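Me: Please take a close look at one part of this model, the charged side chains and the contacts between them. I would like one connected account that I can follow with the structure open.

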Amino acid sequence: MGRSPGAYRSDKRMKELARRKKQEEKRKRRLERAAGAAPAPLAQDAPPLTLEGQGDNPTPPGV
């Protein structure tokens, strides 16, 4: 017995959705891999502390 007329479109849609899902999963894995490989910023790379806006207190916060 033959298939219904809309079955072909249904199959195409299911294939497309599966392809998009797979593509999205690959994209997420690449992003996670890139985020994990990014080096943590070192202390020497941090911008220097400034005392602007501290008023009359010349010591940096936390000292």
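Reply: A salt bridge is a side-chain nitrogen of Lys or Arg within 4 Å of a carboxyl oxygen of Asp or Glu. By that rule, the structure holds three salt bridges. Keep in mind that this is a predicted model.

The setting comes before the contacts. The secondary structure of the protein chain amounts to one helix and zero strands. Helix 1 covers residues 7–37. Of the 63 residues in the protein chain, 2% count as buried. The chain exposes about 6,500 Å², and carbon and sulfur atoms supply 56% of that area.

Start with Glu-16. Its salt bridge with Arg-19 has the closest N and O atoms 2.7 Å apart. Glu-16 also forms a salt bridge with Arg-20, and here the closest N and O atoms are 3.1 Å apart.

Arg-19 and Glu-16 are separated by about one helical turn, because they are three residues apart in helix 1. Arg-20 and Glu-16 are four residues apart in helix 1, so about one helical turn separates them as well.

Next, consider how much of these residues is accessible. Buried means under 20% relative accessible area and exposed means over 50%, with partly exposed in between. Glu-16 has a relative accessible area of 28%, so Glu-16 is partly exposed. Arg-19 has 43% and is therefore partly exposed.

Further along is the pair Glu-24 and Arg-27. Their side chains meet in a salt bridge, at 2.6 Å from N to O. Both residues lie in helix 1, three residues apart, which is about one turn of the helix. Glu-24 counts as partly exposed because its relative accessibility is 32%. Arg-27, with a relative accessible area of 37%, is partly exposed.

Some charged residues belong to a patch instead. Lys-22, Lys-26, Arg-29, Arg-30 and Arg-33 form a positive surface patch. To join a patch, a residue needs over 30% relative accessible area and no salt bridge, and like charges are joined within 9 Å. Take Arg-30, one of the members. Arg-30 is found in helix 1. Its relative accessibility is 48%, so Arg-30 counts as partly exposed.

Technical notes: Residues are numbered from 1 along each chain as its sequence is written. This is a predicted model: local features need pLDDT of at least 70, side-chain atom pairs count only at pLDDT 80 or more; totals for chains, interfaces and linings use all residues. Side-chain values use heavy atoms; hydrogens and water are left out. Patches are made of residues with over 30% relative accessible area and no salt bridge: like charges are joined within 9 Å, nonpolar side chains (Val, Leu, Ile, Met, Phe, Trp, Tyr) within 5 Å. Accessible areas come from the Shrake-Rupley method with a 1.4 Å probe; for residues, only the protein chains shown count as cover. Lys and Arg count as positive and Asp and Glu as negative; His and the chain ends are not counted. The place of a charge is taken as NZ of Lys, CZ of Arg, CG of Asp or CD of Glu. Helices (H or I, at least four residues) and strands (E, at least two) are DSSP runs, numbered from the N terminus. Buried means under 20% relative accessible area, exposed over 50%, partly exposed in between (1.4 Å probe, protein chains only).
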